[in-house]
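Here is a short note for someone opening this entry for the first time. Please keep the view at hand while going through the points.

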Amino acid sequence: MISQTLSANCPQPKIPSPLLFPCFPVYPTLPLDDIVYTTASRRYVCSVCGYVYDPDLGDSTQDVDPGTPFSELPVDWKCPRYRQGQDKFNPA
Ligand SMILES: [Zn+2]
């Protein structure tokens with residue numbers, strides 16, 4: 001939707017020259033990338049024991065690969081210390 005709006009506001013140049021028509025879609029895409037990055041890399045803290053789930057590290061004890069966002073953990077993933085459910089975790 002966003003890209004469609006942008007291209008509508010950015011008439012196609014008859015002569016494709018970025019110098020004559022500096023209509024780059026770079027600016028609007030930067031915040032989107034930023035949001036995805038911060039959400040995927042957000043740490044979560046267990047409110048019971050203080051264990052921190054770091055997506056960059058994953059959880060080798062439960063076969064969670066590094067780079068797995070908290071939101072994509074297996075539904076049966078639990079806090080590795082006291083086996084608390086994911087509902088006990090809060091964003092760090
Ligand atoms: Zn815990």
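**Notes on the loop and the sheet**

1. Gln86 lies in the loop between E2 and E3. Strands (E, at least two residues) and helices (H or I, at least four) are DSSP runs, numbered from the N terminus. The model is a predicted one, where local features need pLDDT of at least 70, side-chain atom pairs count only at pLDDT 80 or more, and totals for chains, interfaces and linings use all residues. Residue numbers start from 1 along each chain as its sequence is written.

2. Gln86 counts as partly exposed because 17 other C-beta atoms lie within 10 Å. On this scale, 20 or more such atoms make a residue buried, 12 or fewer exposed, and anything in between partly exposed, with C-beta atoms placed from the backbone. Of the chain's 92 residues, 9% are buried.

3. Beyond its neighbours within four places in sequence, Gln86 contacts Leu73 and Trp77; a contact means C-beta atoms, placed from the backbone, within 7 Å.

4. The three strands form an open sheet ordered E2-E1-E3, with antiparallel pairing. E2 (52-53) and E3 (89-91) are the edge strands; each has a single partner, so one side of each has no neighbour in the sheet.

5. E1 (residues 44-46) pairs with E2 in the antiparallel sense over two bridges, pairing being assigned when DSSP finds at least two bridges between strands. Val45 has Val52 in E2 as its bridge partner.

Technical notes. Contact = placed C-beta atoms within 7 Å.
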